[in-house]
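Please consult the sequence and the coordinates alongside the text.

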Amino acid sequence: MTIDDSIVYIVDDDPLIRDSLAQLVKSVGLKVETFSSARAFLDKETDKTPCCLVLDIRMPGLSGLDLQQALQADNRMIPIIFITGHGTVPVSVQAMKAGAVDFLQKPFEDQELLDGIHQAIQRNRAQRISLLEKKAVIKRFDSLTPREHEVLDLVRQGFLNKQIADKLGMTENTVKSHRRRIMQKMEADSLASLIRKIISIS
């Protein structure tokens, strides 16, 4: 994916601000979609491409913080840049603790927002790549046979081949055979690599 695949979502109840921000985002070659309310954005599917959300704090109905909490509850990975004309330290701390990329007080410099957008999109792209890699590891892990899972569990605990053979009532050569198949299925080129993959999904 390139930066051109990305989408910037803007949620603000003020149409003038929405249009102004949309023009700014478009001026640097990014795609943009605007929404007049948090509720309208919640109904939008946002799982297809790297993205970020430029979000006003104070809006009628659901606030920006309410939307942030709703997205987290739905496990939707969208980095947020909050903008507000009424920011307070407690509100900004709450937003940042909940994972916001930035918190900008109006009026802010255009470049300040654009820098935050690029940082947020890069974060989202990295999150998506990490999630895809994790899903691939889980799929390979699930392909192991019950006996291979038993051997792998003992390998994780640090048992040697002979000890594993004694515990599972098999020969040491059979244990080695299971370990080779485990390494192949998990696409691991070393024991350290295998353990890292298992830790990543645990």
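Which residues do ring pairs link into a cluster? The cluster consists of Tyr9, Phe35 and Phe41. The model under discussion is a predicted one. A pair of aromatic rings is characterised by the distance of the centres and the angle of the planes.

**Aromatic pairs**

- Four aromatic pairs are present in the structure.
- One of them joins tyrosine 9 and phenylalanine 41 in an edge-to-face arrangement, with 5.3 Å centre to centre and 65° between the planes.
- Because tyrosine 9 belongs to strand 1 (residues 7-11) and phenylalanine 41 to helix 2 (residues 38-42), this pair ties together parts that are 32 residues apart in sequence.
- Phenylalanine 35 and phenylalanine 41 also form an edge-to-face pair, at 5.2 Å centre to centre and 85° between the planes.

**Burial of the cluster**

- Tyrosine 9 has a relative accessible area of 2% and is therefore buried, the cut-off being under 20%.
- Phenylalanine 41 is buried, its relative accessible area being 0%.
- Phenylalanine 35 is buried, as is phenylalanine 41.

**Packing of helix 1 and helix 5**

- Helix 1 (residues 15-26) packs with helix 5 (residues 110-142) at an angle of about 65°, and their axes are 11 Å apart.
- Helix 1 is therefore roughly perpendicular to helix 5.
- The crossing of helix 1 past helix 5 is right-handed.
- Helix 1 contributes Leu21, Leu24 and Val25 to the contact, while helix 5 contributes Asp110, Leu113, Leu114 and Ile117.
- Of the residues in this contact, six are nonpolar, none is polar and one is charged.

Terms used: Residues numbered from 1 in each chain as written. Predicted model: local features only at pLDDT ≥ 70, side-chain atom pairs only at ≥ 80, totals over all residues. Heavy atoms only, no water. Phe/Tyr/Trp six-rings, centres within 6.5 Å; stacked < 30°, edge-to-face > 60°. Helix = DSSP H or I, 4+ residues; strand = E, 2+ residues; numbered from the N terminus. Buried < 20%, exposed > 50% of the residue type's maximum accessible area, 1.4 Å probe, protein only. Axes fitted to C-alpha atoms, helices over the stretch in contact; angles between N-to-C directions. Parallel < 35°, antiparallel > 145°, perpendicular 65-115°, else oblique. Left-handed = near helix turned anticlockwise from the far one by under 90°. Contact = heavy atoms within 4.5 Å. Nonpolar A, V, L, I, M, F, W, Y, C, P; charged D, E, K, R; others polar.
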